[in-house]
Amino acid sequence: SAESVTCHRDRMEVEFSGELGNYSWHVCVVDVSGEEMVSCNYTVDYERLLLSVLFVNCTSLEHDQHLLRLRLMANDTMGEEKNVTYSTHCNTVHADEIITPFFAGVTNCTKDFMAVRSPALQVPATPMAWTLSIDDGTRIHQMSLGQAMQQGYNFIDDSHNLVLQVAFTATGVVSYEHNDEALYTVALKLTYGPPEQRLTVESRMLCAPGPAICNATHMTVAIPAFPGTLMTVGVENKTIPMDRLQENGIALDTKSGVKLHISRGVLQSRLRGESCSGLQSYVSSLKLSFHFHGETVAMVMHPECPCDQHAPIAAVCTQDGYMDFEILADSTTPPIDLDALRLRDPACQPAFKSSLNDRVWFHVPLNGCGTRYWFDGEKIVYENEVRALWTDFPLHRISRDSELRLTVLCAFSNGDASLSIRVDNLPPLASSMNQGPLSLVLLSYPEGSYRHPYREDQYPIVRYLRQPIFLEVQVLNRNDPNLHLVLDDCWATASQDPSSLPQWNIVVDGCEYKLDSYRTVFHPVGHGVSYANYRQRLEVKTFAFVSGDKALPGLVYFHCSVLICDRFQPDSPLCMTRCPRPSRSKRESGVPGVNSAVASLWGPVLLVPERWSATQGSTPLSKEVWAGITMTAAAILSLVATMLLFLALLKCLKRRASMVNMVC
């Protein structure tokens, strides 16, 4: 007999029992007298045991039902023939009875599975009658609810919603992977009931389970490349426009997939308990929406940093008005007596002390416990101190306990939070430094507003002579307000190698190049930009390398070297930009202790002679023009090589002639 019947608007599908797989069988559609209906158009899939029948010419309409009569003939292995005739039906469906399918909401992405919730739908009394269809892009998998639960799908009724959980290894799940990054997606449809009362739930799920990568200043969430475009970012139920991510403490990198560098000031912190030594930073809700396969697909992630088992002092400033920090007993040598630690207001005690008495955690309000504050320009700075000093101990002639004085500073500016820790009077304390990678980038912008830089796929950029080029140097993965970026040198080359020749200087020792008749213009970074101390902006008038008295079209590459300076060491001559510079340059001064790095533009700038602008305008160069540039460059290189060979031969002949004269 038929195991299940699926009704559609114009046809019905009959799935036969799996027992038929043991038989040689045939099925046909018959009328009420048992005769085969030769005008009936139907198909049989013998592998899937599935019969598809149109209502027209195959069924009779009786009592608002499409009645189908079948004759099934089967032969078993013994040659015995079985002949069965039976009927099944579908109710007629009127246009106003079609029920719009439900679309499940945002994917909840966890490290173990992905899940969607359909609040408008409850699991019916007979949940096993559900049918699940999964489209993996190459084929459609259809299965009953029981089969689906054996292949990585789980259905939960929480009395208010239908929750569907999908394992990353479930049937039909498609994965995109790169190195340690992974993204999983599945498109599914869940149906239940006859056509006139059919319930349908559709969902396209998306999940990147992580884990997040964290350093001293940022959390990085990485998603491998896949055919989706990031549309919106939401943090803690707050949607952030794409053009305002940086001023909200998020740097976006889309060169290979999607990477979000989230500032520590945006993160929350928590103490996980005995298993986690140190504060754990996390984002309770990170919502990413993508345009994927013609629809908007969203997922909510819950990224968290791993516990740092070795940091003697873990601290963070929170957006809800607290400074959280943890101190380990072995922060000093010998270990500090944690019971002796006092805040500026000694009535405020640690929020937590471990059972092993090896660490304490302070949760200090910015408006209490002796916290002080002051204004520094557009920033407001909060400061408190925790200490364990001999002067605070009971009077004794000697002491074998360590001393500790810890100053914690929280600075807030435009909703951003940064934190620094200063430890004073600690001769016994072993120094500890937590460094993250220094990421430097040189960007080019189409206009002086510096709003949207050119993408990597937009290079080479076409410029005509004396047109401005707007450049910006940025430092990523840093939010320490005590550090700032200083330009050293900027220059242009004819190849990607920053050390190749010829070169043309744009900035020398942080100042404009005096030998250039079109001086470099330095633009200030406005206060509306986050971490303005980590940016430098400049404007260069387009030029061309020349051969003789002619300007040649060609690709030019820009590079800048920068210095990372500490504002608490202002006496370093490398970090103090005074123009014009004295005769002795930075590179000659050899002052140690300042971090330096070199950044190059993502791609070249195509410089074309001035006369081209009248005919080319702003139109992208055609293939013929590119071919002309290539042939011209090749001809010039060939001519230069021939001249060098001729000069070398002439020099050799002169040397031989000189040797002959000496012998005579």
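Q: In what order do the 4 strands that include β19 form an open sheet?
A: This is a predicted model, in which local features need pLDDT of at least 70, side-chain atom pairs count only at pLDDT 80 or more, and totals for chains, interfaces and linings use all residues. Residues are numbered from 1 along each chain as its sequence is written, and side-chain values use heavy atoms, with hydrogens and water left out. Strands are DSSP runs of E with at least two residues, numbered from the N terminus, and two of them pair if DSSP finds at least two bridges between them. The pairing is antiparallel, and the order is β19-β20-β24-β23.

Q: Why is one side of β19 and of β23 left without a neighbour in the sheet?
A: β19 (213–214) and β23 (250–253) each have a single partner strand, so one side of each lacks a neighbour in the sheet. The reason is their position: both stand at the edges.

Q: Which residue in β24 stands opposite A222?
A: Strand β20 (residues 218–223) runs antiparallel to strand β24 (residues 258–263), and 6 bridges join them. Opposite A222 stands K259.

Q: What is the average twist from one strand to the next in the open sheet β38-β40-β45-β44?
A: This sheet has 4 strands with antiparallel pairing. Its edge strands, β38 (439–445) and β44 (521–523), each pair on one side only. Axes are lines fitted to C-alpha atoms, and angles run from 0 to 180 degrees between N-to-C directions. The twist averages 25 degrees.

Q: Which residue in β45 is the bridge partner of Q474?
A: Strands β40 (residues 468–476) and β45 (residues 535–541) run antiparallel and are joined by 7 bridges. The partner of Q474 is R535.

Q: What is the angle between the planes of Y373 and F375?
A: Rings of Phe, Tyr and Trp (its six-membered ring) pair if their centres lie within 6.5 Å; planes under 30 degrees apart count as stacked, over 60 as edge-to-face and the rest as tilted. The structure holds 12 aromatic pairs. One of them, Y373 with F375, is edge-to-face at 6.3 Å centre to centre, with the planes at 85 degrees.

Q: How far from the centre of the F292 ring is the charged end of R204?
A: F292 forms one aromatic cluster with Y176, F226 and F290. A charge sits over a ring if NZ of Lys or CZ of Arg is within 6 Å of the ring centre and within 35 degrees of the ring normal. The charged end of R204 sits over the F292 ring, and its distance from the centre is 5.7 Å.
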